[in-house]
Amino acid sequence: MDLADHQRLDALYRDPYPLYARARAADGLTFVPELDAWLVARDADIREVLRRPEDFSSANALRPDVRPGPAALAEFAKGLGGFRTVLSTDGEAHRTYRAPLNSGLSVARLNAVLPYARARAEALVDAFAPRGQVELMGEYAEKLPGDVIGRVLGLTEEDARIAVHGSRRAEELLFRPLSEEEQVSAARDVVALQRLLDNYIRERRAHPQDDLITSMTAALMPGTGDLTREQRAEIVSQFQNLLIAGHLTTTALIGSTVHHLLRDRAQWELLCAEPERIPAAVEEAARYDTPIQGFRRLTTRTLTLSGTELPAGTAVFVAYGSANRDPARHPDPDTFDVARTAPAKHLGFGHGAHGCPGSHLGRAQLRVTLELFTRRLPTVTLTSMRLGRAADQQVVVRPTLIHRSPQALHLTFPAEKPGEV
């Protein structure tokens, strides 16, 4: 893919909603050259695809936009990984990878980690509150989910931050155009992440603890003996995927939610006055601007969907973000409204066999964030609005459909004085 192709793709990624609307209104499916796939845009069609994993395989769910060059691939060869994960498998393999995730990300584990999440959120706000301003993405939205998923896995806080950096570099390498030098640098960071995870896996194999690395390793590779390099690489792949999914999605959800709430002051003030509405606001935020806009699927046989014939091996893009704006399911879908009286079930966290196993963890962190911010920062504003500029003037959306969010979010508020909290 050349630079011009990436520019067209970035424009689509930054605002896919007009395309979604056209595709929902069209007869049949719409082929999108930038995605090299047929776009499944209507809620009913998307739910049908998700109910039929035997016809719509997840093998291409995370097909990258960029193929790393030989120098980066040579660096990758020094690490451990490359196995399919829960996101890109079907049938028995998917169930094997999914089962320990379901138990490891259970409500009980969520309840156990929530006090830590609240304490970390308070500490992050403590760090910037005296200044009266913050760039939310870098100073809060990226840090809280990384620390929380690190705690769930069993990483130290220092290692969790190394792991978060490596997983972000993996996404950058596979979805952004980089020079050869930048690709090699990113690949080295990914290999460093893989080695870190491998060290934890081997240590937990020898000395089990009450964490997800221990339980998943035991579930996927029962026994007590040393693991082969291939076995270690398989488990590393699962944890690398979990790290990316476990923090990037929540980072995106936090950033987009705060952005949309502060663009419409009445919405924010309603939450400040009636914090009992926060759980509903979490669901509306996940519906309105879904962090994971969709995943690819591959047909396993010739079939017809919405009147469009799809031969075996045809790529489709299942657009959760479009389903969540479908007027056939959601009244006035293009309006962000935390006070919806009867919100319909959305696809913000997927659906069916591949529904997000950690959705409750992401929801909880956003809920903690909104409870904290409405209490401590009730008069917060977007810096651009305080300066008399349009609400979106300085807010640029990251060019991705996997973790859609602001690239940066500058906020202003009255500086806290010591002893005010």
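## Strand β3 and its partner

Phe56 stands opposite Thr299 in β5. These strands, β3 and β5 (residues 294–299), pair in the antiparallel sense over two bridges. Two strands count as paired if DSSP finds at least two bridges between them. Strands here are DSSP runs (E, at least two residues), helices are runs of H or I with at least four residues, and both are numbered from the N terminus.

The model is predicted: local features need pLDDT of at least 70, side-chain atom pairs count only at pLDDT 80 or more, and totals for chains, interfaces and linings use all residues. Residues are numbered from 1 along each chain as its sequence is written, and side-chain values use heavy atoms, with hydrogens and water left out.

Strands of a sheet pair through backbone hydrogen bonds, either parallel or antiparallel. Here, five strands make an open sheet in the order β1-β2-β8-β5-β3, and the pairing is mixed. β1 (30–32) and β3 (56–57) are at the edges. Each has a single partner strand, so one side of each lacks a neighbour in the sheet.

Now look at β8. β2 and β8 pair in the parallel sense, over three bridges. Trp38 has Val316 in β8 as its bridge partner. β5 and β8 pair in the antiparallel sense, over five bridges. Arg296 stands opposite Phe317 in β8.

## What covers β8

Five of the five residues of β8 are buried. Buried means under 20% relative accessible area, exposed means over 50%, and partly exposed lies in between (1.4 Å probe, protein chains only). Both faces of β8 are covered. Ala315, Phe317 and Ala319 are buried on one side, and Val316 and Val318 on the other.

Helix α2 (residues 17–25) lies across β1, β2 (37–40) and β8 (315–319). α2 runs at about 80 degrees to β2. Helix α3 (residues 43–51) lies across β2, β3, β5 and β8, at about 120 degrees to β8. Axes are lines fitted to C-alpha atoms, for helices over the stretch in contact, and angles run from 0 to 180 degrees between N-to-C directions.

## An enclosed helix

How many of the 11 residues of helix α8 (residues 143–153) are buried? Nine are, so α8 is largely enclosed by the rest of the structure. Among them are Leu144, Pro145, Val148, Ile149 and Leu153. Asp147 is buried too. Gly154 follows α8, and its phi is positive, near 110 degrees.

## Two crossing helices

The axes of helix α13 (residues 265–273) and helix α16 (residues 359–376) come within 9 Å and cross at roughly 90 degrees. The two helices are therefore roughly perpendicular. That label covers 65 to 115 degrees; under 35 is roughly parallel, over 145 roughly antiparallel, and the rest oblique.

Trp268, Leu271 and Cys272 in α13 meet Leu370, Phe373 and Thr374 in α16. Contact means heavy atoms within 4.5 Å. By class, this contact has five nonpolar residues, one polar and no charged. Ala, Val, Leu, Ile, Met, Phe, Trp, Tyr, Cys and Pro count as nonpolar, Asp, Glu, Lys and Arg as charged, and the others, Gly among them, as polar.

## The three-stranded sheet

Another open sheet has three strands in the order β4-β10-β9, with antiparallel pairing. β4 (133–135) and β9 (381–382) are its edges, each with a single partner strand, so one side of each has no neighbour in the sheet. β9 and β10 (residues 410–412) pair over two bridges. Leu382 stands opposite Leu411 in β10.

## Cysteines

The whole structure has zero disulfides. A disulfide is a pair of cysteine sulfur atoms within 2.5 Å. Cys272 is partly exposed, at 24% relative accessible area. Cys356 is partly exposed as well, at 35%.
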